[in-house]
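Subject: A structure for you to explore

Hi there,

Here is the structure I promised to pass on to you. Please open it and keep it on screen while you read the rest of this email.

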Amino acid sequence: MLKEVFPCLLSWPSYRRFRRATIRLGHVALNLEHYRHTKKRSDKKMAAEGRNVKPILYSFFRSSAAWRVRIALAMKGIDYDYREVHLRKDGGQQRTEEYRKLNPMEQVPTLIIDGHTLFQSLPICEYLEETRPEVPLLPKDPAVRAKARALAEIINSGIQPLQNVNVRNKVGEEKAHEWVKYWIERGFTALEKALQETAGKYCIGDKVTLPDLFLVPQIYHAQRVDLDMSQFPTIKRIDAALSEIDAFKTAHAIRQPDTPPDERPSSKT
Amino acid sequence: MSIEKSKSPIHSVTRMTSKPVLYSYYRSSASYRVRIALQVKGIDYEYKAVSLIKDGGEQYKEEYKKLNPMGQVPTLVIDGHTLVQSLPIIEYLDETRPSPRLLPEDPAGRVKVRSLAEIVNSGIQPLQNLPVLKKVGDDQKLEWAKYWIERGFKALETSLQETAGKYSFKDEVTMADLCLVPQVYNALRFGIDMSEFPTIHKVYDALVTLEAFKAAHPSNQPDTPADQKP
């Protein structure tokens with residue numbers, strides 16, 4: 001019986017062949033195991049750092065702030081998963097306990113990237129700029145960077161917070177339209193003046209920079225309240241130029257997974 | 001006026017060294033933030049008062065609006081540039097005078113600090129500044145201001161519970177602290193109960209003992225009314 005179970009014991013040469021084969025296999029097995037173990041550890045580390053993982057963007061098709069980040073991701077060629085957060089449905093999906101854990105301000109966007117959960121559109125854009133510097137969105141010169149950031153902030157803190165969904169809810173349906181129009185007009189008056197000094201083809205010279213990402217969504221909202229844009233020729237001109245750029249087309253509110261059918265572009269365009 | 005080489009490792013330029021000029025109102029949050037930044041970085045500057053109340057608001061005068069088209073304070077004239085918007089100004093100071101830093105070195109830390117700053121800068125302050133309160137009207141402005149400050153502070157409190165050490169972000173003073181202190185000053189003026197926000201309160205109490213924060217305080221400015229000086 002022993003010979004059936006251990007044929008290697010039949011003869012010494014046979015045993016030696018068996019032993020060598022086993023050792024080699026053992027080495028291979030050990031190496032394989034080591035490789036698998038190290039790869040598992042490396043994958044786990046990279047997964048923990050989020051680097052192998054596709055970024056996730058929590059967004060609403062029409063949210064200015066989410067739109068800005070969509071443009072930044074498109075400009076930098078970053079593929080991501082889109083997760084809809086409807087700002088009106090069910091009393092506003094941004095108010096759920098689950099979403100609040102991601103974003104305590106109960107706002108969109110939230111971007112999960114590199115293992116981090118990021119919120120606030122301007123800091124998110126700056127993070128993308130620092131970690132993916134190809135296709136730069138900020139100039140190198142500190143003074144010009146300050147100008148770019150200031151133009152972005154005219155919209156980011158000077159206009160948009162005064163006309164977002166939370167404020168419209170607080171002001172009430174009746175007054176919302178006039179309220180929104182007032183603050184956008186006020187902000188655009190200042191922006192038009194500032195742009196007359198800095199603009200070339202785009203907000204700052206002839207390269208797309210951060211303020212361009214803020215401009216386009218704000219103009220969309222201005223048009224929704226029928227603001228007369230002919231008062232702002234520089235803003236209008238820049239908007240037209242930006243709308244030609246692929247990344248801006250991709251990120252547009254009319255082309256998102258959660259864009260309602262009646263807001264999508266017609267098949268003719 | 002003399003010319004000296006910049007010591008900035010990031011950007012080597014030749015700078016004019018006439019004193020920077022800060023257009024400020026003693027009680028403006030945004031001016032207060034930039035005053036703290038200038039103090040932290042040891043930058044001597046000339047103070048030019050812009051009253052937001054007198055004559056319907058000096059910030060709306062044609063002459064001032066040439067400097068700052070939004071008709072807001074602060075404006076900082078520095079290195080031959082006219083800078084507006086408090087956070088871009090602070091970022092400029094940090095890039096050109098990097099010591100002591102007001103933003104961490106790593107991108108993950110920087111994004112956290114900027115987000116905390118923006119909770120205040122775009123999430124709270126614009127909703128309770130003077131033009132908005134005027135638009136809302138006298139009988140509703142207090143309730144309106146309290147509503148937005150409390151709402152923003154709830155979010156800030158949650159965020160700080162993850163990031164705060166001695167100050168808003170770990171144990172170093174950052175741009176987030178420069179936004180927190182003026183907003184708490186405003187909150188106290190509007191009668192907000194700060195006991196609901198223990199982390200914010202704790203960080204605030206730690207910061208206001210620092211010399212730079214004391215020097216920048218609204219009660220210590222050239223245009224502080226006599227009855228509000230210490």
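This is a predicted model: local features need pLDDT of at least 70, side-chain atom pairs count only at pLDDT 80 or more; totals for chains, interfaces and linings use all residues.

**Chain A as a whole**

Chain A has 269 residues, and 49% of them count as buried. Its secondary structure is made up of eleven helices and four strands. If you take the contacts in chain A with a separation of 6 or more, 64% of them join residues 24 or more positions apart. The accessible surface of chain A is about 14,100 Å², and carbon and sulfur atoms hold 54% of that.

**One residue to look up: Ile245(A)**

You can find Ile245(A) in the loop between helix H10 (233–242) and helix H11 (246–251) of chain A. Is Ile245(A) buried or exposed? Its relative accessible area is 18%, and buried means under 20%, so Ile245(A) is buried.

Which residues does Ile245(A) touch, once its neighbours within four places in sequence are left aside? They are Met75(A), Tyr202(A) and Val208(A).

**Where chain A and chain B meet**

Now turn to the interface. Here 42 residues of chain B are in contact with 42 residues of chain A. The size of an interface is often given as the accessible area lost when the parts come together. For chain B and chain A, the buried area is about 3,700 Å², with 65% of it on carbon and sulfur atoms. On the chain B side, Met70(B), Lys135(B) and Arg151(B) lose the most area to chain A, and together they make up 16% of what that side buries.

How many salt bridges does the rule find across the interface of chain B and chain A? There are nine. As an example to look at, the side chains of Glu126(A) and Arg114(B) meet in a salt bridge, with N to O at 3.6 Å.

Several elements of chain B supply at least two residues each to the side that touches chain A, among them helix H4 (107–121), helix H6 (141–163) and strand E6 (81–84). The residues on that side divide into 21 nonpolar, eleven polar and ten charged.

Enjoy exploring, and write back with any questions!

Best wishes

Methods. Residues are numbered from 1 along each chain as its sequence is written. Chains are lettered from A and ligands numbered from 1 in the order in which they are written. Side-chain values use heavy atoms; hydrogens and water are left out. Contact means heavy atoms within 4.5 Å. Buried area is the accessible area (1.4 Å probe) that two parts lose on being put together, summed over both. A salt bridge is a side-chain nitrogen of Lys or Arg within 4 Å of a carboxyl oxygen of Asp or Glu. Ala, Val, Leu, Ile, Met, Phe, Trp, Tyr, Cys and Pro count as nonpolar, Asp, Glu, Lys and Arg as charged, and the others, Gly among them, as polar. Buried means under 20% relative accessible area, exposed over 50%, partly exposed in between (1.4 Å probe, protein chains only). Accessible areas come from the Shrake-Rupley method with a 1.4 Å probe; for residues, only the protein chains shown count as cover.
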